[in-house]
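Biologist: Could you walk me through how to read a model like this one, feature by feature, with the general idea before each case?

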Amino acid sequence: MFGFARNAGPRVGRISPQDCVARHARGELTVVDVRDISELRASGTASGGVHAPLMRLADLADPRHPDHNPALDPDAPVAVFCASGGRSAMAAEILLNLGYREVYNLGGFHAWTAGGGKVHRPA
């Protein structure tokens, strides 16, 4: 399930791990891992997702920035995750401040795997 507050402007939404994995598989949602590369190497990351470390997220997600990652689109739904949910909460707020309209905090990487998400291990 997912939801947003009505008439309150953009807010960080809630999404279940199963819905996140299913929407990502259908190409309806971009999944963003905001952990550091060492964490990805240790545990893997969401297959087909975008890696944008929290410290670089504002640049990578801003279409006006020269380092913008074109996989990050303010008009497309985005779900963020980290190790336990703290950094992803900050990441979600960054995206909202950049004008992203539909942002979900999946929480920790364990939520992705619990929802049946495939894992990729970077070299």
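This is a predicted model: local features need pLDDT of at least 70, side-chain atom pairs count only at pLDDT 80 or more; totals for chains, interfaces and linings use all residues.

**Reading the fold and its contacts**

Modeller: Let us start with one backbone detail: just after H1, Gly-27 takes a positive phi of about 75°. Residues are numbered from 1 along each chain as its sequence is written, and side-chain values use heavy atoms, with hydrogens and water left out.

Biologist: How many helices and strands does the chain have, and what pattern does the chain follow along the sequence?

Modeller: There are five helices and eight strands in the chain, and reading along the sequence gives the pattern β-β-α-β-α-β-β-α-β-α-β-α-β.

Biologist: What percentage of the 123 residues count as buried, and which residues have the most contacts inside the largest nonpolar core?

Modeller: In soluble globular proteins, nonpolar side chains tend to be buried together. Buried means under 20% relative accessible area, exposed over 50% and partly exposed in between, with a 1.4 Å probe and protein chains only; by that rule 42% of the 123 residues are buried. A nonpolar core is a set of buried Ala, Val, Leu, Ile, Met, Phe, Trp, Tyr and Cys residues joined through side-chain atoms within 4.5 Å. The largest one has 18 residues, and those with the most contacts inside it are Val-32, Val-34, Leu-57, Leu-72, Val-80, Leu-95 and Tyr-100. Helix H3 (54-61), strand S6 (78-82) and helix H4 (86-97) each supply at least two residues of this core. Another core, of 13 residues, lies apart from it and has Ile-15, Phe-81, Leu-106 and Trp-112 among its members.

Biologist: Where is the place of Leu-72, and is Leu-72 buried or exposed?

Modeller: Leu-72 sits in the loop between H3 and S6, and at 2% relative accessibility it counts as buried. Leaving out residues up to four places away in sequence, Leu-72 touches Thr-30, Val-32, Val-50, Leu-60, Ala-61 and Tyr-100. The C-alpha atoms of Leu-72 and Thr-30 are separated by 7.5 Å, although the two are 42 residues apart along the chain.

Biologist: Which residues of H3 are buried, and which in H1?

Modeller: An α-helix has 3.6 residues a turn, so residues three or four places apart point the same way. In H3, the buried residues are Leu-54, Leu-57, Leu-60 and Ala-61. Their arc, taken from the directions from the helix axis to the C-beta atoms, is only 90°, which puts them on the same side of H3. What covers these buried residues includes H4. In H1, the buried residues are Cys-20, Val-21, Arg-23 and His-24; they fall within an arc of 170° seen down the axis, so they line one face of the helix.

Biologist: How many salt bridges are there, and which parts does the pair of Asp-75 and Arg-101 tie together?

Modeller: A salt bridge is a side-chain nitrogen of Lys or Arg within 4 Å of a carboxyl oxygen of Asp or Glu, and by this rule the count comes to eight. In one of them, Asp-75 and Arg-101 have their closest N and O atoms 3.1 Å apart. Asp-75 lies in the loop between H3 and S6 and Arg-101 in the loop between H4 and strand S7 (103-108), so the pair ties together parts that are 26 residues apart in sequence. Asp-75 and Arg-101 are both exposed. By contrast, Asp-33 and Arg-35, whose side chains meet in a salt bridge at 2.8 Å, N to O, are both buried. A network of salt bridges links Arg-23, Arg-26, Glu-28 and Glu-102.

Methods. Helices (H or I, at least four residues) and strands (E, at least two) are DSSP runs, numbered from the N terminus. Contact means heavy atoms within 4.5 Å.
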